[in-house]
Amino acid sequence: MIWGIFKRDMCHATRNVIAVIVSMGLVVVPALYAWFNIAASWDPYGNTKALKVAVANNDKGYKSDLIPVRVNVGETIISTLHANDQLDWQFVKSDKAIDGVKSGEYYAAIVIPKGFSADMMTLFSPDIKHAQLKYYLNEKINPIAPHITDQGATTVVNTIDKTFAKTIAQVGLDLASSILHYSQSPQMAEYMRNLNGNLTTTADTLSGASQQVTSYSQLLGSANDIVDSTGKLLASATKAGKQAQNALKQGKSGATSLTSAGANVTSSVNTALDQVSGAFDQVAAKVNKAFDAIGKDSDTAASQLATLSEQISSGESLYDTYITSLNHMRESVEQLPDSDSAKQALLEAIDREITLLEAAKGDSQKLAQQLKDASTQVTQDTAAAERSRKEILNRITSAKQSISNVRDDYATNVKPKIDALASTVSTLISQTDSMITQLSGTADGLDDVTGDVGTNVTSIRSTLGAIAKKLDSSAATVKELITKLETGGNAGDGNSDGGDGDNDADSGESDELRALATANASTLSTLISAPVALHRVSVYPIANYGSAMAPFYTILSIWVGAIILCAMLKVTISDREKAHVLGLGDTLPRIAGPSGPGNASRWGLRLDHEYFGRYAIFALLALLQGTLVCLGDTYFLGVQANHALQFLAVGWLAALVFSNIVYTLTVSFGDIGKAVAVVLLVMQVAGSGGTFPIETLPKFFQMLYPFLPFPHAIDAMHAAMAGSYDNEYLLDMVYLALFLIPSLLLGLVLRKPVIRLNNWVSRNLESTKVM
């Protein structure tokens with residue numbers, strides 16, 4: 001029965017030329033629908049050269065003291081866009097650009113403001129401004145054009161960003177290269193030699209200053225010793241005067257004279273020596289008195305002379321202390337730099353002072369010995385005693401002259417030179433003189449004064465020591481700088497010896513800088529402006545946008561073809577056809593009842609026979625539609641199909657499923673079924689995920705997505721085109737085939753209850769004489 005119906009349908013479809021033409025049209029029209037859409041979508045973003053976008057440059061540029069070169073980013077943008085053919089760039093004035101967007105002459109306009117370069121250069125100032133382009137867009141002309149021009153505007157922004165970063169990087173690299181080249185020039189080498197010479201002189205000067213400060217500190221220590229010795233000498237002289245006064249019992253006048261002499265002691269060494277000389281005068285007077293008393297009381301005179309001898313002998317150690325202090329001073333002076341002009345003169349003066357002190361010491365020793373000898377002779381021989389008296393007086397005069405020589409030499413040679421060498425020593429001696437003067441010759445006060453002077457000297461020496469350390473540190477820093485400069489110069493010349501790890505490191509850094517500066521500045525600046533490159537790795541690559549859209553438009557055209565078949569072909573079988581299939585002539589017997597589905601079942605033509613019999617021609621034409629559109633995609637348009645047979649199989653299965661669904665809806669619900677098929681078409685166009693990812697669609701379509709046949713057919717076709725992941729292709733094919741189950745269930749089982757309802761609806765629609 002099914003074969004009989006199909007055979008008669010084929011005969012009717014090929015009976016005349018018009019029928020053949022219409023049949024061919026039913027096969028070709030869906031293919032044309034797919035091919036036109038695929039061809040139009042083949043490379044839409046590659047054909048944007050005709051889209052007019054206006055560009056207006058109002059940039060005034062930028063120039064500052066920091067960057068003396070004039071910078072105009074706007075001009076750079078215009079130059080770059082002249083070489084860009086992504087869009088049809090129109091370079092006009094800003095007023096015309098804005099008016100052209102309003103009138104529709106331009107799809108969009110980009111206006112570069114006056115302060116664009118100045119705003120970009122605020123990158124180097126505390127007040128950073130964000131440079132902005134003005135972008136005007138006419139969104140009513142075309143829904144897609146704004147997105148394309150947006151891409152063009154984004155290209156401009158990216159070009160500006162990269163150009164700006166590249167320019168800044170290239171300026172920096174050029175500057176570094178210029179500095180490196182200049183550093184290797186003869187002029188720079190001469191400058192470096194001069195600099196090293198000046199730094200060396202500075203380091204030597206700092207070292208010499210440190211040595212001088214150290215020597216001055218040591219001189220202060222020697223002066224301190226001299227002050228201590230002077231104090232002891234003054235105290236000894238005072239004590240000798242008092243002892244002579246007590247020994248000779250001269251009473252209050254001698255003590256007053258000695259006290260007065262002690263009170264008038266000054267802070268200078270000259271005054272101290274004057275006091276020593278005065279003490280010898282007193283000793284001379286007491287010696288005269290002692291010898292005058294020989295005739296009256298020889299024993300007392302002998303005792304007095306012996307006492308004077310011991311006192312003078314005990315004072316010899318003071319000469320040694322004074323000589324020792326001068327030797328210390330001499331050692332300090334010897335440490336002064338040889339370049340110091342006062343050094344040799346001061347050494348000679350100190351040597352003369354030491355010689356004179358040693359002579360004075362010798363005179364004192366001889367005086368003490370003569371007094372001792374005289375004390376033993378006064379009781380033996382008066383004439384001998386008189387000779388001893390003259391010798392002692394002469395010796396005292398000689399001793400006084402020695403002290404006077406010491407005093408004069410000290411005042412004439414030593415002290416002026418010490419004062420000229422270090423004002424600090426002179427100030428200290430002045431303070432000592434003042435203190436001694438204020439003590440009014442009191443021995444206890446002299447001890448306090450020397451203690452205070454020692455404290456002051458210690459403080460000054462501590463300060464000078466700190467200064468000397470600072471000078472040494474500064475000299476070391478300068479020498480280290482000289483070493484670094486010499487090392488850097490050697491590394492720059494490539495002549496480092498390689499024995500020093502620091503030199504090797506500096507040489508490596510210099511080599512790296514040289515390699516960076518001598519490299520291609522344009523290449524390096526391009527790398528800095530865009531340090532990250534996107535390496536695109538395509539998984540299941542699609543050749544072009546047309547191939548990517550081919551599954552959607554192909555599946556859509558197959559569904560449209562199914563609707564066209566149901567619109568052009570009858571889905572029901574007339575009673576005349578049924579009678580011919582059953583061999584009953586031209587009509588069914590009256591017993592068959594009203595014309596309609598299933599009315600010939602008593603003669604063996606069941607409802608399922610009618611369903612499959614008429615559907616056979618629908619299936620054949622649908623398969624021809626699917627075959628033509630898939631072969632045309634592959635071999636006519638050149639759509640990518642890595643697995644051509646699988647691609648064709650998807651078209652065949654989709655044709656069978658879609659045609660069966662639309663056929664069933666039409667058979668079951670008549671024209672209403674056709675309307676439902678159109679509604680399903682619209683829903684699947686929106687919710688199949690063929691154009692936009694399903695995740696971007698509203699929630700309703702995301703929920704409906706798995707229950708539509710389009711998504712599975714499109715996914716299967718994608719897998720056939722680019723490759724399948726595991727069993728992806730087979731699963732999608734199975735899911736697509738499963739839609740036949742509800743369709744057949746409706747056409748074979750659920751259709752029976754609605755046949756009468758459908759007949760009633762049809763009769764009412766026909767009664768309107770309009771529908």
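Which helix holds both D671 and K674, and how many residues apart are they? I looked this pair up before anything else. D671 and K674 both sit in helix α22 (residues 671-687), 3 residues apart, about one turn of the helix. I take helices (H or I, at least four residues) and strands (E, at least two) as DSSP runs, numbered from the N terminus.

**Ground rules**

I am reading a predicted model, where local features need pLDDT of at least 70 and side-chain atom pairs count only at pLDDT 80 or more, while totals for chains, interfaces and linings use all residues. Residues are numbered from 1 along each chain as its sequence is written, and side-chain values use heavy atoms, with hydrogens and water left out.

**Entry: the whole chain**

I counted elements next. The chain has 26 helices and 4 strands. I then looked up burial: buried residues make up 42% of the 771 residues in the chain. Buried means under 20% relative accessible area, exposed over 50%, and partly exposed in between (1.4 Å probe, protein chains only). The accessible surface of the chain is about 40200 Å², and 58% of that belongs to carbon and sulfur atoms. These areas come from the Shrake-Rupley method with a 1.4 Å probe; for residues, only the protein chains shown count as cover.

I also looked at contacts (heavy atoms within 4.5 Å). Among contacts between residues at least 6 apart in sequence, 76% join residues at least 24 apart.

**Entry: confidence**

I checked pLDDT, the predictor's confidence in each residue, from 0 to 100. The chain has a mean of 75, and 66% of its residues reach 70 or more. Confidence is lowest in helix α8 (residues 252-263), at a mean of 35. It is highest in helix α25 (residues 728-737), at 96. Over residues 247-268 the pLDDT stays under 50, and the model has 48 contacts for them beyond four places in sequence. Residues 423-436 are also below 50, with 33 contacts beyond near neighbours in sequence. Where pLDDT is low, the predicted coordinates should not be read in detail.

**Entry: salt bridges**

I searched the whole structure and found 7 salt bridges. The test is a side-chain nitrogen of Lys or Arg within 4 Å of a carboxyl oxygen of Asp or Glu.

R614 and D9 meet through their side chains at 2.8 Å, N to O. R614 lies in helix α20 (residues 607-637) and D9 in helix α1 (residues 2-13), so the pair ties together parts that are 605 residues apart in sequence. R614 is buried at 8% relative accessibility. D9 is buried as well, at 7%.

E610 and K578 form another salt bridge, at 3.3 Å, N to O. E610 is in helix α20 and K578 in helix α19 (residues 575-582), 32 residues apart, and the pair links distant parts of the chain. Both residues are buried.

Back to my opening pair. D671 and K674 form a salt bridge, with the closest N and O atoms 3.4 Å apart. D671 is exposed, at 54% relative accessibility. K674 is partly exposed, at 26%. I noted a network too: salt bridges that share partners join D575, K578 and E610.

**Entry: cysteines**

How many disulfides does a search of the whole structure find? I got 0. The cut-off is a pair of cysteine sulfur atoms within 2.5 Å. C11 is partly exposed at 44% relative accessibility, and C566 is buried at 1%.

**Entry: a nonpolar patch**

V17, I18, I21, V22 and M568 make a nonpolar surface patch of about 490 Å². Patch residues have over 30% relative accessible area and no salt bridge; like charges are joined within 9 Å, nonpolar side chains (Val, Leu, Ile, Met, Phe, Trp, Tyr) within 5 Å. Helix α2 (residues 17-40) gives the most, with 4 residues. M568 comes from helix α18 (residues 545-568) and is exposed at 51%.

**Entry: single residues**

I looked up S94, in helix α4 (residues 94-103). S94 is buried, at 18%. Leaving out residues up to four places away in sequence, S94 touches A56, N58 and V111.

Y540 has a phi near 55°, a positive value in a residue other than glycine. I found Y540 in the loop between α17 (521-529) and α18, partly exposed at 38%. K769 is not a glycine, yet has a positive phi of about 60°. K769 lies in the segment after α26 (740-767) and is exposed at 76%.
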